[in-house]
Amino acid sequence: MSALDRVVIRKLPTRVRGLDEVLGGGLPEYSFNLIAGAPGTGKTTLSQQLMFALGTPERPALHFTVVGEPSLKLLRYQQQFSFFDPAKVGTSVIYVNLSHETLEQGLGKVLEMMVAEVGRVSPGVVVVDSFLTVVRAATAAHDGGVELQGFLERLALHLTTWQATTFLVGEYEESEAPRNPVFTVADGILWLHQSIDRNSGVRKLQIAKMRGQAPLPGLHTLRITGDGLDVFPRILRRNNEPDRKHPKRRLSTGVADLDEMLGGGVPSGDSILVTGPAGSGKSALATQFIASGLLGGEPAIIAVFEEHPRDFLAHARTRGPHLEAMIRNGLLEVIYLRPLDLSVDEALLEIQAAVERTKAQRLVIDSLSGFELALAPTFRQDFRESLYRMVGALTGAGVTVFMTTEVAQTFTDLRFSTDLISFLTDDIIVQRYVEIEGEVRKVMTVIKMRGSEHRKELRLYEVTATGLVVGPTLRDYRGIITGVAQRYQRTEAGTH
């Protein structure tokens, strides 16, 4: 078959945030789809959202209620969403209730009426909701199982021959798929899930099947908002353009002595992790890194998880840099990401959108510890994998990513980070407390610089009103890593 003979299937935009991307570009026109899941997962809301997005006066969306809630009740609740347009009801979106026919005249009559209504309206979209109630009605009748099987097979046949994009909505279970012929006939299967972990509930979407195109694999976060369903793809989208080739230059951290320790500053496009105990000055250093870029006209993003942006900016003001003016000038955006039951994908997509919106060259995440705590429990086990995807997408676009994380102070080793996330970053700066001659002092060192030389000494530093100030190298002490430094005993000749 030549390229000229190849059939092109048009993809319909769903207008559901994130769904087209997960589907692989939209819904295949004239496809036969299942929307399946347990009660409360958002099946009916999704089908309604699709109807209002795709229905037109010329090719309306036709909704059949088969032994379900009355149409008036359905409309009462669906009109609470912003996608609901009352002007479309009866013209672009048409509701037909077949509950009476299902209960009184059987499934044969139901199918007859559905076929007649489709012939009369010539819809572009057909939705049949809900099949769990059909099963109950059929199995309650004599030979109900046989009747139901025939009904499903004949309905599936009609749905695939109608020039319409069709959806069966039902409370199927995944265990039914191997033995139910509807799953074989269906072109697309959209599974909606609800994961309960302790006191947290999270909705997810999976495209189990979509003929003719490549959907994004895996489970994707789903939220029901006032706008309907929002889908957050688990794989960050990449720009259509190839990764930008940025010349490697050194970015100042805002602390000259630290830049020297780093071999001249942070290589642009790197990911850098600053780790240390509470109060060691991680946020202060992050603020200086951002301020240094802003002074050079580089747009920046700060994503905060542990405190409100108002409090973050107030604390930054006490350390010197005044970031509010940069926000007013459009060079800086501070985003606060700490909703209840946050998902990794929501946070990462919000960060990516802010970077694209501002053309940011520097990004601070303060902190990874707060980020992980804000997540719903079901997402925490995938935290490292999701973080890896985010860092790769952002640094691939030329953004320098500066992250902080808190680790518990120990007096037996030098810990880099929790959850073994240090391997995800190019560069690592470690801060810690150490006891020196009866005083608690702060010490920092550069542990890792991928592909670059760096200084390896341990240096004292202070967090002052103007930010971090790096002091001398602790050459006369041993045992610094243990947290209790001891001065070397000098001999008369002046050697250790």
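Before I start: I call a pair of N or O atoms within 3.5 Å a polar contact; within protein, one must be able to donate a hydrogen and the other to accept it, and residues adjacent in sequence count only if both atoms are side-chain atoms.

The model is predicted, so I kept local features to pLDDT of at least 70 and side-chain atom pairs to pLDDT 80 or more, while totals for chains, interfaces and linings use all residues. Residues are numbered from 1 along each chain as its sequence is written, and side-chain values use heavy atoms, without hydrogens and water.

**Entry: whole chain.** I find 16 helices and 24 strands, as DSSP runs numbered from the N terminus (helices H or I, at least four residues; strands E, at least two). Of the 496 residues, 53% are buried, meaning under 20% relative accessible area with a 1.4 Å probe, protein chains only.

**Entry: Thr 253.** I find Thr 253 in the loop between β12 (250–251) and α9 (256–261). Buried or exposed, this Thr 253? Buried, because its relative accessible area is 0%. A polar atom of its side chain lies 3.2 Å from the backbone nitrogen of Val 255. Leaving out residues up to four places away in sequence, Thr 253 touches, among others, Leu 258, Leu 262 and Phe 289 (heavy atoms within 4.5 Å).

**Entry: Thr 221.** Thr 221 lies in strand β10, residues 220–225. I count Thr 221 as buried, because its relative accessible area is 1%. Its C-alpha is 9.9 Å from that of Gln 194, 27 residues apart in sequence. Residues that Thr 221 touches include Arg 203, Asp 230 and Phe 379.

Definitions and conventions
Buried means under 20% relative accessible area, exposed over 50%, partly exposed in between (1.4 Å probe, protein chains only).
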